[in-house]
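This briefing is meant for a reader who is meeting the structure for the first time. Please look through the sequence and the model below before going on to the notes.

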Amino acid sequence: MSDAGGGGPGGGGEEGGLEVPGSAVQNVADVSVLQKHLRKLVPLLLEDGGEVPAALEAALEEKGALEQMRKFLSDPQVHTVLVERSTLKEDVGDEGKKEKEFISYSINTDSHYELKSNRCAQSNRNLI
């Protein structure tokens, strides 16, 4: 019995074409397509609709955010992309009569939950 084709594992024969590399990365879509969808969706869900906030535009172009979006699009084990809106309010003016609001966005593929030990399971589930 000869193994002329080298059809064993990794032999490069006919069966070699059936191998599925474990480290193969397959992009489902381009990052720009995801950015476009987030520009439409986030203002509807986290703002009052309308224009895309400048803070969101900046977050979508950050190097770390681009890496997280690429990871979401290419890694089949990453099921979530999280867009988090943070607000910092600061009193300005005399006697704190005016508030200035600073809004920032972060984009990540990791979701972290904080479960309160002094709450029942139902309350913790509602937080999630």
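Helices (H or I, at least four residues) and strands (E, at least two) are taken as DSSP runs, numbered from the N terminus. Described in this way, the protein has four helices and two strands, and its elements follow the order α-α-α-β-β-α from the N terminus on. This is a predicted model, in which local features need pLDDT of at least 70, side-chain atom pairs count only at pLDDT 80 or more, and totals for chains, interfaces and linings use all residues. Residues are numbered from 1 along each chain as its sequence is written, and side-chain values use heavy atoms, with hydrogens and water left out.

**Confidence**
- The pLDDT, which is the predictor's confidence in each residue from 0 to 100, has a mean of 76 for the protein, and 64% of the residues reach 70 or more.
- Over residues 1-20 the pLDDT is below 50.

- Of the 128 residues in the protein, 19% are buried, meaning under 20% relative accessible area with a 1.4 Å probe, protein chains only.

**Contacts**
- Leaving aside neighbours within four places in sequence, Met69 is in contact (heavy atoms within 4.5 Å) with Val31, Leu34, Gln35, Leu38, Leu60 and Ile107.

Key:
Buried < 20%, exposed > 50% of the residue type's maximum accessible area, 1.4 Å probe, protein only.
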